[in-house]
Amino acid sequence: MAKLRVLPHLVAEEDAVDWSTWNRVFADARVPVEDRTDGWDYDQELTFGISPTFDVPKLLESTGLDLGDMELVITADCNSVQQRFMERSPLQVYLATASPSIELSIPPGQVAQELRLTAHLVIAHDVPVDGTQRAVLAGSRLSWSPSKRVVLEGHGGRFPTEAVSFNDLGLESAAWSVRVNVSDLNDLFAGCVRLLLNTDHPVGAGLASMDAAVYGAVGSFLRIDIIRQCILGVGKQVDELGGGWDFSADEDSVGFVVSEMCDYYIGKDLTSVFELVRTDPTRFERVLQERVGITIGMSR
Amino acid sequence: MTGLVYPRLSDGVARPLIAELLDASNGGLDSVRALVRMTHPKAAPVATGGRQASESDVQQVRESVLDAVGHWIDGRILPRRDQVLFDATLGRALHQALLVAPADAAHQETWNFLTLCVLPDVALTRFPTLPEARGLGTPRNALRRAWIRYEVLGDLLMAGDPMLGEDELVGLLERTAVARNRELVSQLGVAVLSFNGQGARSEFARRLYKAVRHRTGPLMLDVLTSAQLEALVHAEAQSVRAGASKTE
């Protein structure tokens with residue numbers, strides 16, 4: 001059990017419960033929970049599970065209760081949204097399951113920053129007083145796991161992406177669309193550029209759900225399209241400024257980020273790349289394909 | 001639907017805006033309103049997930065909030081007697097207009113943008129000196145605190161005569177053992193509004209919250225039904241009243 005807490009009733013002997021470790025549960029896999037959750041965003045459900053094991057004789061003897069009196073509860077506390085999410089299971093039902101596990105699903109968009117996961121064993125209902133010190137009130141705590149802290153949101157940059165229905169937006173049924181809207185090269189990159197993934201389209205939906213097969217098939221085409229649109233959107237502004245703009249000061253600016261893209265992917269500065277776009281757009285496309293690369297089965 | 005995500009403004013960009021707004025407030029309401037904006041070049045929504053609020057969505061938020069509290073926004077200091085009703089009305093208006101993803105509302109930078117760009121006149125009406133804790137999107141931010149109170153309590157926030165006051169609300173929502181159990185928070189709110197005993201209601205509330213918090217040690221209140229919670233809160237309220245009468 002975590003932390004010493006003195007309770008006014010009998011609790012489970014410490015080695016009557018092995019809480020085991022937390023898993024993150026996906027449709028086709030269970031993955032041990034790390035301190036930081038990767039690849040999660042506000043559009044995704046989060047499901048956590050745990051599979052404690054019990055020494056039943058020790059449990060019954062130390063608490064003075066019956067199995068039917070107890071239930072397993074797991075909680076996810078999110079301080080930043082000031083809410084606690086909970087799932088529960090009668091202990092008898094849990095133990096009767098072939099591969100027991102108790103799981104908690106948190107709907108998309110409901111939590112942020114970090115969670116604390118805890119598992120508890122409590123009394124499910126009021127129990128008659130029998131003159132012993134056993135717990136009698138519903139909700140009485142019998143045992144609990146150490147809390148597992150999970151960081152949901154880091155500080156690293158991710159490409160601005162939004163999964164939306166193109167039908168709802170009145171857009172053509174493309175798999176994706178790169179929206180670049182630059183009025184000033186010093187504006188935030190994240191505010192000017194957005195990848196829209198069409199959830200009505202199987203490829204768009206696959207990309208939105210980070211399906212490995214879909215990424216493998218179209219990932220390099222998507223990457224080329226993003227870079228092309230960014231260069232075209234920003235290059236026009238640079239062109240209008242006559243190349244006299246210094247965007248080196250602000251690393252979050254759209255000008256700086258796209259300039260870095262040109263250096264990294266094409267090996268030229270933005271002005272030179274846009275000159276190529278203007279004078280020989282066909283060659284620009286070939287350069288883009290050669291330098292970024294078209295592959296099948298690339299990881300995301 | 002996960003809810004909308006709004007542009008986020010970093011603290012570094014937000015702080016100078018507070019100074020600019022305070023300076024403008026010396027020139028009256030029109031000067032403050034001249035600084036209202038629905039976008040900011042340094043503001044951007046979260047990189048992934050959620051549907052981004054459009055500029056017209058943001059405009060609609062401002063219009064809806066002003067429909068609700070605009071009659072108080074007249075360049076004068078909000079009368080103390082109106083503060084509770086103002087906060088509750090603001091919270092309801094924000095809840096109904098923003099449709100913000102709770103995950104997005106959990107971020108300080110979201111409220112930096114909404115407070116300092118979209119609704120600075122509302123914030124200044126409530127807190128004319130706009131200290132950082134009220135201007136930046138901290139949990140005590142002028143708009144954020146109103147929003148979260150309505151999120152948790154709903155129309156209970158508008159109920160009662162008198163309505164739940166500042167001290168009663170702070171005590172209800174500041175301790176995590178209680179605040180994260182929204183059913184319990186509602187039950188406590190009802191108990192406070194039902195108080196008809198001797199002495200100050202806020203003192204009764206303070207003692208009741210403390211008594212219930214004490215119960216969360218041996219008991220996991222989250223697993224209790226509404227009826228069980230109601231009974232527990234009722235029993236503790238009676239005990240607090242009995243204890244108060246003994247000391248008087």
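**Close-up views of a predicted model**

**View 1. Strand pairing in chain A.** In strand β4 of chain A, A:Ile50 is the bridge partner of A:Trp22. This is a predicted model, in which local features need pLDDT of at least 70 and side-chain atom pairs count only at pLDDT 80 or more, while totals for chains, interfaces and linings use all residues. Residues are numbered from 1 along each chain as its sequence is written, chains are lettered from A and ligands numbered from 1 in the order in which they are written, and side-chain values use heavy atoms, with hydrogens and water left out. Strands β2 (residues 22-25) and β4 (residues 46-50) of chain A pair in the antiparallel sense over three bridges; two strands pair if DSSP finds at least two bridges between them, and strands (E, at least two residues) and helices (H or I, at least four) are DSSP runs numbered from the N terminus. An open sheet of four strands, with antiparallel pairing, has the order β3-β2-β4-β8 in chain A. Its edge strands, each pairing on one side only, are β3 (30-32) and β8 (102-106) of chain A.

View 2. A:Val150 is found in strand β11 (residues 148-151) of chain A and is buried, with a relative accessible area of 0%; buried means under 20% relative accessible area, exposed over 50% and partly exposed in between, with a 1.4 Å probe and protein chains only. Not counting residues up to four places away in sequence, A:Val150 touches residues including A:Val33, A:Thr37, A:Leu115 and A:Leu117, where contact means heavy atoms within 4.5 Å.

**View 3. Two stacked rings in chain B.** The ring centres of B:Phe195 and B:Phe204 are 4.5 Å apart and the planes lie at 20°, so the pair is stacked. Rings of Phe, Tyr and Trp (its six-membered ring) pair if their centres lie within 6.5 Å, and planes under 30 degrees apart count as stacked, over 60 as edge-to-face and the rest as tilted. B:Phe195 is buried at a relative accessible area of 14%, and B:Phe204 is also buried, at 4% relative accessibility.

**View 4. Crossing helices in chain B.** The axes of helix α4 (residues 83-98) and helix α9 (residues 144-153) of chain B come within 7 Å and cross at roughly 80°; axes are lines fitted to C-alpha atoms, for helices over the stretch in contact, and angles run from 0 to 180 degrees between N-to-C directions. The two helices are therefore roughly perpendicular, a term for angles of 65 to 115 degrees, whereas those under 35 count as roughly parallel, over 145 as roughly antiparallel and the rest as oblique.
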